[in-house]
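Subject: Structure handover

Hello,

Here is the structure I said I would pass on. My notes on what was found in it follow below.

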Amino acid sequence: MEQDPARDAVWRWVGAQPPDGAADRDGADGVVGLMSRLCRAAVLVLPAAGVGVSVLDDDGFSGVVAASDPASRELEELQFTLGEGPCQEAHATGRPVLTPELDPSTSSRWPAYAGQAYERGVRAVFAVPVQVGLRRLGVLDFYRRRPGVLEPGGLARARAFADVAADILVDGQDRATPGYLADGLEDALSYRYVVYQAQGMVMVDLGVSLDEALVRLRAHAYVTERPIADVAADIVAGRLRLEADPHQEGAPEGEADG
Amino acid sequence: MVVGTARVAEVLVEFADTLVDDYDLIEFLQRVTFRTAEITQADAVGLLLADPKDKLHFMAASDETTRLLELFQVQQAEGPCLDAFRTATPVVNTDLRTASARWPLFAPEAVRSGFGAVHAIPMRLRSQVIGALNMFSAQPGRLTADDVRVVQALADVATIAILQERALRRSEMLTEQLHAALNSRIVIEQAKGALARIHAVDVDQAFVLLRDYCRSHNLKLRDVAQAVVTEPRGVPGLTRD
């Protein structure tokens, strides 16, 4: 409705992207299909080496809606596994987080994330909140393989993409059953549910709070160098149980990859 | 038209300024009718909007006497507003005294109420027509083509204000729904895990326990799930006796 040429331009870019296998059961124009196309369009236009969009709730719990490629998806997941990174920070503050020079040797910001992202070739990372009015729904992240500040107009372009990401989520909700997430979005986020289930289990096993349970899950994932989703899957399947004293956790019973 | 172009420009600027700020929609529509009455020297101006079934409803007027309200009401069935709404073109300069053939219900009623002339301007944006602006005068006066253009401009700005407010309300409502649905989903998964451990069952069975508990106690899934994760051993009948 508003005269917003930047937003219109982004929609045209999104429309020009071909659908891919990431389309959800609602097709190339469903929430996930459109968001995937948005991420790929953003790679070309921002430009970026990779783009990802996540939704987050008030407590910072989240899910990746779409990413431009598997490497970008992994970088999004990494932030959740470690519990730190530009995405979390942008969501918490409601402001863009711009890191034109990611260098773990010179900065102590996000020590775990910065080190692993750097190893994967990330040299600059930017995170823009995806919001409607004051309500924050998630974050759009993009990264580059060469350091450097955003060029003039770069942040405005990123914000236009974030605005359209919000439109996609809102339009998707319009088609959803009231009280539920849109089908496609539900499917896309379901991979993460095992982590939340494991979180509930650890909370009971250790008699700790929900937040503390997630900290423990993340610590185990970090120490064993496994994605948090894998650790969670083992816990839910009964193959692993976290102990009150982490030093008593030996090799998980019957762990498939030894 | 009696008012000069300077006043018209002032009014249009006033309307445009409203759009970029927070505004109360009904108060704004009221102002539209007052300004239109001033600019056209009409005795009464009303604004009608269509519902999703394309039925016109009175929204605001410069004068809300009963007789006027009844004249708006009649136009759900027939009349200049309905014609303007359906054809998306202005219906102007109709002499009410000779309009009984055209509007057998409306025209005599309007004449009985003391009106000689009526005009209706469609409220539209591109291909969408959302209602009509209705002007009544005691004297059968004539709007010139320029007058019609001016009133159409006022109607157009009012249309934009209404559509903008509708879009905003829809956006906000859906955003809150998404936010709540996401929150709910996550806390339910967390509760499933907790219940699975407490009752030594798998997560699917845990969900059945949760759902059955909610049904028999007439509680919302999300609320009970939240209680479970806040105080895992504290939900009577579910996690404690």
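**Contact between the chains**

Chain B and chain A bury about 3000 Å² between them, and carbon and sulfur atoms give 66% of that area. On the side of chain B, the residues that lose the most area to chain A are Leu178(B), Gln190(B) and Arg197(B), which together make up 23% of what that side buries. The contact involves 31 residues from chain B and 37 residues from chain A. Please keep in mind that this is a predicted model.

**The sheet of chain B**

Chain B has an open sheet of five strands in the order β2-β1-β5-β4-β3, paired antiparallel. Its edges are β2 (56-61) and β3 (91-95) of chain B, each of which pairs on one side only. On average, and with direction ignored, neighbouring strands of this sheet are turned by 25 degrees against each other.

Within that sheet, β1(B) and β2(B) run antiparallel and are joined by five bridges. Leu49(B) is the residue opposite His57(B) in β2(B). The two strands β1(B) and β2(B) form a hairpin with five residues between them, and in its turn Asp54(B) has a positive phi of about 65 degrees.

Further along, strand β4 (residues 117-125) and strand β5 (residues 128-137) of chain B are paired over nine bridges, again in the antiparallel sense. Leu125(B) has Gln128(B) in β5(B) as its bridge partner. Helix α6 (residues 145-199) of chain B packs on the sheet, where it touches β1 (44-50), β3, β4 and β5 of chain B. The direction of this helix makes about 45 degrees with that of β4(B).

**The sheet of chain A**

In chain A there is an open sheet of five strands with antiparallel pairing and the order β2-β1-β5-β4-β3. Here the edge strands, each pairing on one side only, are β2 (62-67) and β3 (97-99) of chain A. Neighbouring strands are turned against each other by 20 degrees on average, direction ignored.

Five bridges connect strand β1 (residues 50-56) of chain A with β2(A), in the antiparallel sense. Val53(A) stands opposite Ala66(A) in β2(A). The helix that packs on this sheet is α6 (residues 154-174) of chain A, which touches β1, β3, β4 (124-132) and β5 (135-144) of chain A. Its direction makes about 45 degrees with that of β4(A).

**Helix pairs in chain A**

The axes of helix α8 (residues 193-206) of chain A and α9(A) come within 8 Å and cross at roughly 105 degrees, which makes α8(A) roughly perpendicular to α9(A). From α8(A), the contact is made by Val195(A), Ala198(A), Gln199(A), Val202(A), Met203(A) and Leu206(A); from α9(A), by Leu210(A), Asp211(A), Ala213(A), Leu214(A), Arg216(A) and Leu217(A). By class, this contact of α8(A) with α9(A) has nine nonpolar, one polar and two charged residues.

Helix α9 (residues 210-224) also packs against helix α10 (residues 228-236) of chain A, at an angle of about 110 degrees and with the axes 9 Å apart. That angle makes α9(A) roughly perpendicular to α10(A). The crossing of α9(A) and α10(A) is right-handed. On α9(A) the contact residues are Leu214(A), Leu217(A), Arg218(A), His220(A), Ala221(A) and Thr224(A), and on α10(A) they are Ile228(A), Val231(A) and Ile235(A). The contact of α9(A) with α10(A) divides into six nonpolar, two polar and one charged residues.

Regards

Note on methods
Residues are numbered from 1 along each chain as its sequence is written. Chains are lettered from A and ligands numbered from 1 in the order in which they are written. This is a predicted model: local features need pLDDT of at least 70, side-chain atom pairs count only at pLDDT 80 or more; totals for chains, interfaces and linings use all residues. Side-chain values use heavy atoms; hydrogens and water are left out. Axes are lines fitted to C-alpha atoms, for helices over the stretch in contact, and angles run from 0 to 180 degrees between N-to-C directions. Helices (H or I, at least four residues) and strands (E, at least two) are DSSP runs, numbered from the N terminus. Angles under 35 degrees count as roughly parallel, over 145 as roughly antiparallel, 65 to 115 as roughly perpendicular and the rest as oblique. A crossing is left-handed if the near helix is turned anticlockwise from the far one by less than a right angle, and right-handed if clockwise. Contact means heavy atoms within 4.5 Å. Ala, Val, Leu, Ile, Met, Phe, Trp, Tyr, Cys and Pro count as nonpolar, Asp, Glu, Lys and Arg as charged, and the others, Gly among them, as polar. Two strands pair if DSSP finds at least two bridges between them. Buried area is the accessible area (1.4 Å probe) that two parts lose on being put together, summed over both.
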